[in-house]
Amino acid sequence: MFNKKYGLLASTALIASVAFTGVAHAQVDEIIVTATKRTQTLQETPVTVSVTTADVLDKAQILDIQDLQSVVPSLRVGQLQSSSNTNFRIRGFGNGANNAGIEPSVGVFIDGVYRSRSAAQIGDLPKLERIEVLSGPQSTLFGKNASAGVISIVTAKPSFSRQGYIEGGVGHYNQRVVRGYMTGPINDSIAVSIGANINKRDGYARSAVASLGANNERDRFSVRGQILVEPRDDISIRLIVDHSEIDERCCGVTNVTNGPTAGAIMALGGQLANPANPFAYINYQDRDSDNRVNDDGISLHVDVELDKFDVTSITSMRSNKSFSEYDADFTTAPLLNVPTDVDISTFTQEVRLTSSGDNMIDWMLGGFYFSEDITQISGLDVGPAFRPYIDILSGGGLNGVEALFGQAPGTFFNAANDSVETFTQYNEAVSIFATVDFNATEKLKLTGGVNFTKDTKAVTGSTVNNEVFSAIDLNNDLTVFGVTLPTVLFGQAFTANTGLPATPANIAFIEGVAPGTSAAINAGVAQGIAGLQGLQFVPQFLGFGNAVESGRSSDTQATWTARLAYRVNDSFNVYASAATGFKSTSWNLSRDSRPFARDAAALGAAGLLQPNQTFGTRLAGPEDAMVFEAGIKARFDKGAFNLAVFDQTIEGFQSNTFIGTGFVLANAGQQGTFGVEFDASYYPVEALKLTFAGIYLDAKYDSFVNAPGPNGTIVDRSGQTVAGVPEFGFSTSATYSHDFGGGTTGYIRGDYQYESEVDIVEILGVKANTSIVNGSFGIKFDGGYGVQIWGRNLFGQESFISAFPGVVQAGTINAYPTAPRTYGVLIRKEF
């Protein structure tokens, strides 16, 4: 557990250390990892793991986890409609943003503590040591939802030598950054540390309304304190307390296509983005967006060395409260506003027993417990321009429809017709896992691992929907005339076309003279009613659990890993592995949660069906992942090279697709990816380090029969390429370091990130590609002072992060543009 040679604590999920030899014949970074929760060099670790060290994090100015993708080609990070909605993908697999009921397929761990939602994963952290990205299923080593991979963030533990730093910076868009960190001993057995940072920046997407602020700003604060107690050489106790806050406007949206509804918005005096210039970075809104996140946590890490094995315990309690409110139509007309309030409380406990010493058989046995409470209150607030907008779309007929159903003028779509949705979810999970390494020879190691997980959820959903129009069955409800709307409209159309009342005799007479007249009128009536039904976009909600739908799920699954690793010589290792992964059932905690069609009869018999009842999904069942992988890891005097070839599938992939008014959650039959992943480093001379990493992905839906399609349709996507997964991606960097003498050193660094063109969303046809150059250089003077100048996206490459159909705007396509060029300067003092 306490490796005196490397100074490592095995209580962290992944640990890496870098030592520069400083001699030309052995310049390659020696990276120590515990990707398998055992201390090994990166070369010896038979899994695909990308290590971003503190040195790279600093020199590349990776300010938050979103920037990490610039140096890890297999990782993709997407920022969506609020600060708390960030989506991670590894090797093209990943989900979890936009819906608190969906846990991510990519597990995020900070100092060994699982962060279950993106709102709890994005805060700035002081004194980062490294960030590890593990590709492929990791369920046998990590206790919760790691079917696509793991991101592990490791921070520095307190030091028994007094040290610290303070730094401040300014940058483009009025960026202001202040960070500080201090650590030192209280006595010979207790050390403490405290770190804090403030990160502020004006938004780069200014508002078209002069009185409103710019979007994509930064306003973040965090503080983190630690106490390390080591009463003996074989006992370590580490307490971590952290708090972070976000209070900012996010996120800028543009228009790729303006649909026919754009004319109605402009007729009301509204403005919307011009698709001819999607990267103008102008946000069209009628109110400021509001994004607030408060994240708090405490964790206790205990490591004890015994004679035959080591004991590790990690206990954590976390609270995450987030609130977001944004203009959902992304126009300056006051149409719709979406507030969302989420409160998440999480408790985790992990215990591991790990064999110690050099043995023919090494083993690890552990257990993981997880419990979480979620309360989400969201809504759809109707603005004063919404009724006039709908009236234009309906051809000016709202007053007439209201009169037909005996409603007062102005009843439909008025500003009081808001809806409020309340969801709760309690999740409890228990995992037991074990791994055995059989050292068959000095060179050959066989590894087997197994994990048994039981995951249960209890979910409720209810709404208060004040929209009267959506509660009317336009085909069957009686009007004030005592007949149905189709009959009324038929009579009106018949009279308008023939000049005769719509009596049976007259209808028969006209049919005799002009056969097919009635059928044509009925077709027109049906088309008109369908148009009105399209405006019933907030249908009445069938609450659950109820007498038919329990609102409960229970998943039990065993996953396994089998691996063979062979050390050819001191510089060359090979491995082959097969592994499975698991992610539990996810529930749709949104207004688009619909009962399954299979429950229709029972719901009807129980008298629970709502007016205009539609059917869909309440949940998506578990994901089951499988990966076959073979790789080589080589380390030479002036370089290193790692290569992995893999075939990875996820059966029942949980697809979450936005269709214009909400999200459709469904299981894809199977998503599969064949790929090749590599990374290399090379020192042509001692002072110059070159890196090159890349990935090839052939990602397809092996089976996805009932996939969401355009305009609410259902399509078959089997055999199609998965959107948002580029076929090729790579990143490369060059870092030159120089010693000026007298204690002054400096460096200059550049890196380049590329991704091939890809459809970013299945149903929209919007394409994106990446070609970004970043750079930095810095000088550190004797006495601990230093200055650094940095720039990201130096050539201002323009692309899209994601896209979605316009809310209540048929034919409109919105998109999130990538960030423009940013730059800044930092001044630092170390002590």
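Two strands are taken to pair if DSSP finds at least two bridges between them. The model is a predicted one.

1. Strands E28, E31 and E32. Strand E28 (residues 572-583) pairs with strand E31 (residues 623-636) through twelve bridges, in the antiparallel sense. Within this pairing, Ala576 has Ala630 of E31 as its bridge partner. E31 is also joined to strand E32 (residues 639-651) by 13 bridges, and these two strands run antiparallel. Glu629 stands opposite Phe646 in E32.

2. The five-stranded sheet. An open sheet is formed by five strands in the order E6-E11-E12-E9-E10, with mixed pairing. Strand E6 (49-53) and strand E10 (113-115) are at the edges with a single partner strand each, so one side of each has no neighbour in the sheet. From one strand to the next the twist averages 20 degrees. E6 and E11 run antiparallel and are joined by five bridges; Val49 stands opposite Leu134 in E11.

3. Val133. This residue lies in strand E11 (residues 128-135). Is Val133 buried or exposed? Val133 has a relative accessible area of 1%, and buried means under 20%, so Val133 is buried. Beyond its neighbours within four places in sequence, Val133 is in contact with residues including Thr48, Val49, Ser50, Leu68 and Val72. Ser74, Leu75, Ile90, Val150 and Ile151 are also among the contacts of Val133. Ser74 is 59 residues from Val133 in sequence, and their C-alpha atoms are 8.7 Å apart in space.

4. The three-stranded sheet. Three strands in the order E19-E44-E43 make an open sheet with antiparallel pairing. Its edge strands, strand E19 (254-257) and strand E43 (800-805), each pair on one side only. The twist averages 35 degrees from one strand to the next. E19 pairs with strand E44 (residues 813-817) over three bridges in the antiparallel sense, and Thr257 stands opposite Ile813 in E44.

5. Helix H5. What span should helix H5 (residues 485-498) have? At 1.5 Å a residue, its 14 residues should span 20 Å, and the end C-alpha atoms are 20 Å apart, which agrees. The buried residues of H5 are Leu485, Val488, Phe490, Gly491 and Phe494. Helix H4 (398-404), helix H6 (504-513) and helix H7 (517-533) are among the elements that cover them. Just after H5, Gly499 has a positive phi of about 75 degrees.

6. Packing of H5 on H6. Two packed helices are described by the angle between their axes and the distance between the axes. For H5 and H6 the angle is about 55 degrees, and the axes are 12 Å apart. H5 and H6 are therefore oblique to each other. The crossing of H5 past H6 is left-handed. Phe490, Phe494 and Thr498 in H5 meet Asn506, Ile507 and Ile510 in H6.

7. Leu398. This residue is in helix H4. Leu398 is buried, with a relative accessible area of 1%. Neighbours within four places in sequence aside, Leu398 is in contact with Arg387, Ile390, Asp391, Phe412 and Phe413. Phe412 is 14 residues from Leu398 along the chain, with a C-alpha separation of 7.6 Å.

8. Cis peptides. Most residues other than glycine have a negative phi, and most peptide bonds are trans. A cis peptide bond, with omega about 5 degrees, joins Cys250 and Cys251; Cys251 is in the loop between strand E18 (235-248) and E19. Phe544 and Gly545 are also joined by a cis peptide bond, with omega about -5 degrees. Gly545 is in the loop between H7 and strand E27 (552-569).

9. Tyr173 has a phi near 55 degrees, a positive value in a residue other than glycine. Tyr173 is in the loop between strand E13 (163-171) and strand E14 (175-185) and, at 23% relative accessibility, counts as partly exposed. Asn216 has a positive phi near 65 degrees. The loop that holds Asn216 is between strand E16 (206-207) and strand E17 (218-232). At 12% relative accessibility, Asn216 counts as buried.

Key:
Residues numbered from 1 in each chain as written. Predicted model: local features only at pLDDT ≥ 70, side-chain atom pairs only at ≥ 80, totals over all residues. Heavy atoms only, no water. Helix = DSSP H or I, 4+ residues; strand = E, 2+ residues; numbered from the N terminus. Expected span 1.5 Å × (residues − 1). Buried < 20%, exposed > 50% of the residue type's maximum accessible area, 1.4 Å probe, protein only. Contact = heavy atoms within 4.5 Å. Axes fitted to C-alpha atoms, helices over the stretch in contact; angles between N-to-C directions. Parallel < 35°, antiparallel > 145°, perpendicular 65-115°, else oblique. Left-handed = near helix turned anticlockwise from the far one by under 90°.
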